[in-house]
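Have the sequence and the 3D view open as you read.

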Amino acid sequence: MIVVTTPTGRIGRQLLDRLLDAPDDAVEGLRVIARDPERLTARARERAEVFRGSHADPDVLAAACAGADRVFWLVPPVFRADSVEGHFAAFTEALCEVIGSRGVERVVAVSTLGRGVAKNAGQISASLAMDDRISATGVHYRALCPPFLMENLLGQAPSIRDRGEFALAMGRDRVLRTCATRDIAATAARLLLDGSWTGQRDVPTVGPDALTTEQMAGVVSDVLGRPVRVRRTAPAEYRETLLGLGASEAWAQGLADMAQALDDQDFYGVETPSTPDTAPTSFRQWCEEILEPATRTA
């Protein structure tokens, strides 16, 4: 039995589709936890057992995991959270309780690169602390560790279309490793459909490119057929922008700290090797297939 959290999110939705596409004998049972089950596809509602609520709710999570042996885990971002660390801890505590009481054997989670390197890195530090807490339960564990998600640029599709510009809180000459969410979903599906792996391990999901942010803008320009530039946003400016968009003080400061750590500590940078087995999608391919259509419909 497989339990999927965040089944309507960007990664969870793609993962759920892959599990639903798997042969019937590969998935003995499938459950999802969703705040808004109406956002699930008709196929998902028909074939998966749906539990309404949040996977931070110990009762909801325990009910969904009763008799389950595998869990896909992702802590969703909440822009109005009072505390970054508290937000991750609340979800993680619920999972650790279930691991101990419900017999969950394997957990596949979305985490991040930066282990042993990232310091004072906001949401990145909180995610790495989540890994440590889950690992301490002794469960068989795989932490999927991507760098910068290509889909982070989708929120700037209107700016790319209308102003020929996107913003990143890094210098234009700094390499920024990337990963497409579909590759994370594919890697998670392979692990969840395989009941033989044991132990605890990080699984990097790093795309094939080693592009500077300026080179990324060049790729976007080529794909869209018009000039697109990258503008560096200082962490303090980034924080103010997030506050203006409705983020809590804690969440905005955490993302600003993350941006500063990425620029200062370079753990998403040039020294990070690509992992073609887990992240084959190139930035150009993603721009052609995902970003370019998004700029037309934004």
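## Leu-242 and helix H9

Leu-242 sits in helix H9, which spans residues 235-244; helices here are DSSP runs of H or I with at least four residues, strands are runs of E with at least two, and both are numbered from the N terminus. This is a predicted model, where local features need pLDDT of at least 70 and side-chain atom pairs count only at pLDDT 80 or more, while totals for chains, interfaces and linings use all residues. Residues are numbered from 1 along each chain as its sequence is written, and side-chain values use heavy atoms, with hydrogens and water left out.

Is Leu-242 buried or exposed? With a relative accessible area of 5%, Leu-242 is buried (buried is under 20% relative accessible area, exposed is over 50%, partly exposed is in between, using a 1.4 Å probe and protein chains only). Setting aside residues up to four places away in sequence, Leu-242 touches Phe-79, Ala-247, Ala-252 and Leu-255, where a contact means heavy atoms within 4.5 Å. Leu-255 is 13 residues from Leu-242 along the chain, and their C-alpha atoms are 8.6 Å apart.

## Around helix H3

Helix H3 covers residues 58-65, and its buried residues are Val-60, Leu-61, Ala-62, Ala-64 and Cys-65. What do they pack against? The partners are strands S1 (2-4), S2 (30-34), S3 (49-52) and S4 (70-73), plus helix H4 (84-102).

The N-terminal end of H3 is capped by Asp-57, with a side-chain oxygen 2.9 Å from the backbone nitrogen of Asp-59. Just after H3 comes Gly-67, with a positive phi of about 80 degrees. Over in H4 you'll find Ala-90, which is partly exposed at a relative accessible area of 39%.

Arg-182 belongs to helix H7, residues 181-192. Its side chain makes polar contacts with the side chains of Thr-281, at 3.2 Å, and Glu-289, at 2.8 Å. (A polar contact is a pair of N or O atoms within 3.5 Å; within protein, one must be able to donate a hydrogen and the other to accept it, and residues adjacent in sequence count only if both atoms are side-chain atoms.) Neighbours within four places aside, Arg-182 is in contact with Gln-14, Arg-18, Thr-281, Gln-285 and Glu-289.

Thr-213 is in helix H8, residues 213-224, and counts as buried at 0% relative accessibility. Leaving out neighbours within four places in sequence, its contacts include Phe-166, Leu-168, Met-170, Asp-173 and Val-230.

How many disulfides does the whole structure have? The search finds zero, a disulfide being a pair of cysteine sulfur atoms within 2.5 Å. For Cys-145, the nearest cysteine sulfur is that of Cys-179, 11 Å away. Cys-145 is buried at 2% relative accessibility, and Cys-179 is buried at 1%.
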